[in-house]
Amino acid sequence: KTLSELLPSAAMSTDETRAGLGGSQATASSPPPSALVSLLKSGKLRIVSSPLSRAIETALLSCPKAEGRIELWPEIREVISGCDDIGTPASQLRESPLVLKACKGAEEKGLPGFLTKLDEVWWTVPNDLSMSLGPREDMVEAYKRHEKKFAEADEALLDTRVEEVIQRLRDVKEPIIIMASHYDLIGALTQKLGLVEDSETYKHAFDVPGWWLENAEVRLAQLVI
């Protein structure tokens, strides 16, 4: 079967939490449950999400049958451009009902390895601020005072981060991956992979390579990397 026959849709999104319209859009992206369960049981599917709450929620809404089987990849977090791109510390994620629902299977006695190994601060912080910041609330306030510093620090590491994402994709043994990520990160990743918008189909396309998705938009790509 072709990839589109095996998996008619895969969730990629950007936005804040999935309430209202966003939730409806994410739910509408859901693959047929029977196909999803079959692929998971056969070991042909990996589902990964950014650790930002809106992406985790999108992954759950889009793939409810994958509850407990979703991995968090900090490398596919959004490029920092606002307060909602400042993450939740790993210690809080490990106790979050949303995260536990998405990532911890009922049969697991402990937390998944990717959660226990997740750095407490897994998003970019300017070097001259990193030692002086405490909880997430302090970091949000710091971001409000130093927006330019955060943006420049994150942008400086973006190319390296995208290369890390590509390497992680190479290392995945499953042939199909669903990725719940974000607008700018997906744009940078697909640009690096050489994917280009069809400007005749996507009138919102920029004059740069890469895919620049609408909220809860779904794309399929068959890659050899």
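Predicted model: local features only at pLDDT ≥ 70, side-chain atom pairs only at ≥ 80, totals over all residues.
**Exercise 1.** Which strands pair with strand 1, and over how many bridges?

*Solution.* 
- Step 1: Begin with strand 3 (residues 176-180), which pairs with strand 1 in the parallel sense over 5 bridges. Here Val-48 has Met-179 as its bridge partner.
- Step 2: Turn to strand 2 (residues 70-72), which runs parallel to strand 1 and is joined to it by 3 bridges. Here Ile-47 has Ile-70 as its bridge partner.
- Step 3: Follow the chain from strand 1 to strand 2: the path goes through helix 4 (residues 53-62), and this β-α-β crossover is right-handed.

**Exercise 2.** Are the residues of strand 1 buried or exposed, and which of them point one way?

*Solution.* 
- Step 1: Recall that side chains in a regular strand alternate between the two faces of the sheet.
- Step 2: Sort the residues: Leu-45, Ile-47 and Ser-49 point one way, while Arg-46 and Val-48 point the other way.
- Step 3: Check the cover: 5 of the 5 residues in strand 1 (residues 45-49) are buried.

**Exercise 3.** What kind of aromatic pair do Tyr-143 and Phe-150 form, and what kind do Tyr-183 and Trp-212 form?

*Solution.* 
- Step 1: The structure holds 3 aromatic pairs. The planes of Tyr-143 and Phe-150 stand at 75° with ring centres 5.5 Å apart, so this pair is edge-to-face.
- Step 2: For Tyr-183 and Trp-212, the centres are 5.6 Å apart with 55° between the planes, and the pair is tilted.

Key. Residues numbered from 1 in each chain as written. Heavy atoms only, no water. Buried < 20%, exposed > 50% of the residue type's maximum accessible area, 1.4 Å probe, protein only. Helix = DSSP H or I, 4+ residues; strand = E, 2+ residues; numbered from the N terminus. Pairing = 2+ DSSP bridges. Right-handed = clockwise from strand over helix to strand, strands pointing away. Phe/Tyr/Trp six-rings, centres within 6.5 Å; stacked < 30°, edge-to-face > 60°.
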